[in-house]
Amino acid sequence: MTLALDRGLSLLEQLCDQPEGMPLTALADELEIPRSACHRLLGELQRRGYVRQLRSQGDYTLTAKLASMGLGLLSSKGIIDIAEPILERLAKESGELVRLSIVDDERLVWVAKSQGTRMGLRYDPDMGMEARLSCTASGHAWLLTLSDERALELVSRQGFGQPKEYGPKAPTTVMTLLEMIHAARARGYAMIDEVFAPGMTAMAAPVVRGHETVGVVSIAGPRQRLTTARMQKLSSAVLAATAELGPISRISTLSGKPKLGRS
C-alpha cells in the first residue's frame, strides 16, 4: 500500500510538470515504475477524476481536480478573501502582476494573484506553483528574513535548477546568491532583473507576523515597463501592503493554525 501510494503521488507530481501530458511508457520509464503497475495506477487515478487521457491510448494529463481542491482549501481558510482587496489595490497602482505566496513548511507557494494590466505584454505564471528560492524575488524576500545558514539550507534542498530554465542573471553559486540576499536584506525588500526569466523584473517583500515570515507579496512585469526606478518608487506601496497583511493574517488559518503559513 505504501509503495502504491508513493508511486501514485509521484505520478501526480510528474504530471504537474507536464501540462501537455505524457504517455504511459514515458511516465513509467521516468519514474522507474513497471509499466503494468503504472497502467493500473493511472487507471485508478483516472477513475477518481485526477487524470484523464487526451485521446484513446494517448497521453495522460491532470484534470482540474487537484487545483480545485487546493483553491477550495485556501478559500475555505480565508487566505484569498483576506488578501484580495490588498492585492487588487497594489495591482491597480503598479499596473503589473501582484502575487501572494505563503510559507508552507520549507516551500514557498504562490496562492493568489491580481493582474494590474489588461493589455499588452503580461507576465502570468500559474498559481499553486512552488517558487524557486534561488532566483525569484519572492524566494529572496523570504530568504532575507532568515539567517544565511538557514537560507542556504533551504536553497540546497531545492537546488538552483538548470540555468537554461531561468534568466541570464540567475545565481548559480552560493556566493552570488548571498550577495543578492544581503542586498535585499539591506533594502528590506527583494528586487531582481532578468533573474527568473529573460526580459522580466520583479520585486517582493515578506509578510511578517510577530517574528515569523508567513508569506510574501510580489510585483512582476516586463523590464521595459517595470524598471529599477519604477520598482524603487513602488517599494513603499509593497511594504505597506505586507505591513497590512501581517496583523490580519492572525485570523486566517492553514493546517488548523492561526496564520498564513508555518509556525
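Q: What should I know about the model before using it?
A: It is a predicted model, in which local features need pLDDT of at least 70, side-chain atom pairs count only at pLDDT 80 or more, and totals for chains, interfaces and linings use all residues. Residues are numbered from 1 along each chain as its sequence is written, and side-chain values use heavy atoms, with hydrogens and water left out.

Q: How many helices and strands in the protein?
A: Nine helices and nine strands, taken as DSSP runs numbered from the N terminus (helices H or I, at least four residues; strands E, at least two).

Q: What share of the residues is buried?
A: Of the 263 residues, 46% are buried. Buried means under 20% relative accessible area, exposed over 50%, partly exposed in between (1.4 Å probe, protein chains only).

Q: How many disulfides?
A: Zero, from a search of the whole structure, with a disulfide taken as a pair of cysteine sulfur atoms within 2.5 Å.

Q: Cys 135, buried or exposed?
A: Cys 135 is buried, at 1% relative accessibility. Cys 38 is also buried, with a relative accessible area of 0%.

Q: Which residues touch the most other members in the largest nonpolar core?
A: Leu 108, Leu 133, Trp 142 and Leu 143, out of 29 residues in that core. A nonpolar core here is a set of buried Ala, Val, Leu, Ile, Met, Phe, Trp, Tyr and Cys residues joined through side-chain atoms within 4.5 Å.

Q: Which elements supply it with at least two residues each?
A: Helices H6 (137-143), H7 (148-158) and H8 (174-187), plus strands E4 (107-115), E5 (190-193), E6 (200-209) and E7 (212-222). H6 gives the largest share of this core, four residues.

Q: New topic. Where does Ser 94 lie?
A: In helix H5 (residues 79-94). Ser 94 is buried, with a relative accessible area of 7%.

Q: What does its side chain reach?
A: The side chain of Ser 94 reaches the backbone nitrogen of Glu 96 at 3.2 Å. Beyond its neighbours within four places in sequence, Ser 94 is in contact with Ile 219, Arg 230 and Leu 234.

Terms used: Polar contact = N/O pair within 3.5 Å; in protein donor to acceptor, adjacent residues only side chain to side chain. Contact = heavy atoms within 4.5 Å.
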